[in-house]
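Please report on the fold, the surface and a few selected residues of the model shown here.

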Amino acid sequence: REEVLNTGSIKKVKSEKESPSGDESNHSHFRVPDNTYGFALDDSKFQRKQLAKFFDLIGLPLNRFSIAGNGQDEIMGFEDYVVNFVEQRKNNFVLLIVDEN
């Protein structure tokens with residue numbers, strides 16, 4: 001971060017939010033924690049395929065994500081399924097993506 005002093009000169013100040021390397025835009029070393037599970041709900045077949053690719057892209061293996069939305073039964077049961085999962089695994093992270101319409 002830079003601050004302009006009363007004299008007009010610029011002083012570099014290290015912010016607590018800055019990464020140690022000083023490159024705030026470099027997230028190349030980020031990894032989704034191993035105890036992360038993904039859930040998605042979308043009624044569009046195409047969107048469900050895209051969501052599967054997204055979960056794969058962020059490093060979630062097939063056994064750690066679930067995508068629902070193929071029919072009324074999946075849609076109506078999704079909330080209970082996710083709530084039960086979260087209640088049984090309180091020490092895990094959950095990434096939840098839900099289509100709003």
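Helices (H or I, at least four residues) and strands (E, at least two) are DSSP runs, numbered from the N terminus.

## Model and conventions

This is a predicted model: local features need pLDDT of at least 70, side-chain atom pairs count only at pLDDT 80 or more, and totals for chains, interfaces and linings use all residues. Residues are numbered from 1 along each chain as its sequence is written, and side-chain values use heavy atoms, with hydrogens and water left out.

## Overall fold

The protein chain has two helices and five strands. Along the sequence, their pattern is β-β-β-α-β-α-β.

Contact means heavy atoms within 4.5 Å. Among contacts in the protein chain with a separation of 6 or more, 57% join residues 24 or more positions apart. Buried means under 20% relative accessible area, exposed over 50%, and partly exposed in between (1.4 Å probe, protein chains only). Of the 101 residues in the protein chain, 21% are buried.

Gly38 sits in strand S3, residues 36-41. Gly38 counts as buried because its relative accessible area is 0%. Not counting residues up to four places away in sequence, Gly38 touches Phe55, Leu60, Arg64, Phe65, Ser66 and Leu95. Val82 is 44 residues from Gly38 along the chain, and their C-alpha atoms are separated by 9.8 Å.

Ile97 belongs to strand S5. Ile97 and Gly38 are 59 residues apart in sequence, but 7.9 Å apart in space, C-alpha to C-alpha. Ile97 is partly exposed because its relative accessibility is 25%. Leaving aside neighbours within four places in sequence, Ile97 contacts Phe39, Ala40, Leu41, Leu51, Phe54 and Phe55.

## Arg48 and Asp42

Arg48 is in helix H1, residues 45-57. Asp42 is in the loop between S3 and H1. For charges, Lys and Arg count as positive and Asp and Glu as negative; His and the chain ends are not counted. A salt bridge is a side-chain nitrogen of Lys or Arg within 4 Å of a carboxyl oxygen of Asp or Glu. Arg48 is buried and has no salt bridge; Glu74, the nearest side chain of opposite charge, is 5.5 Å away. Asp42 is also buried without a salt bridge. The nearest side chain of opposite charge to Asp42 is Arg48, 5.8 Å away.

Beyond four places in sequence, Arg48 touches residues including Ile67, Ala68, Gly69 and Asn70. With the same exclusion, the contacts of Asp42 include Gln47, Leu51, Ala68, Gly69 and Asp99.

## Surface and nonpolar patch

Accessible areas come from the Shrake-Rupley method with a 1.4 Å probe; for residues, only the protein chains shown count as cover. The protein chain has an accessible surface of about 8200 Å², 51% of it from carbon and sulfur atoms.

Patches are made of residues with over 30% relative accessible area and no salt bridge: like charges are joined within 9 Å, nonpolar side chains (Val, Leu, Ile, Met, Phe, Trp, Tyr) within 5 Å. Val86, Val94, Leu96 and Val98 make a nonpolar surface patch of about 290 Å². Strand S5, residues 93-98, gives the most to this patch, with three residues. Val94 is found in strand S5. Val94 counts as partly exposed because its relative accessible area is 34%.
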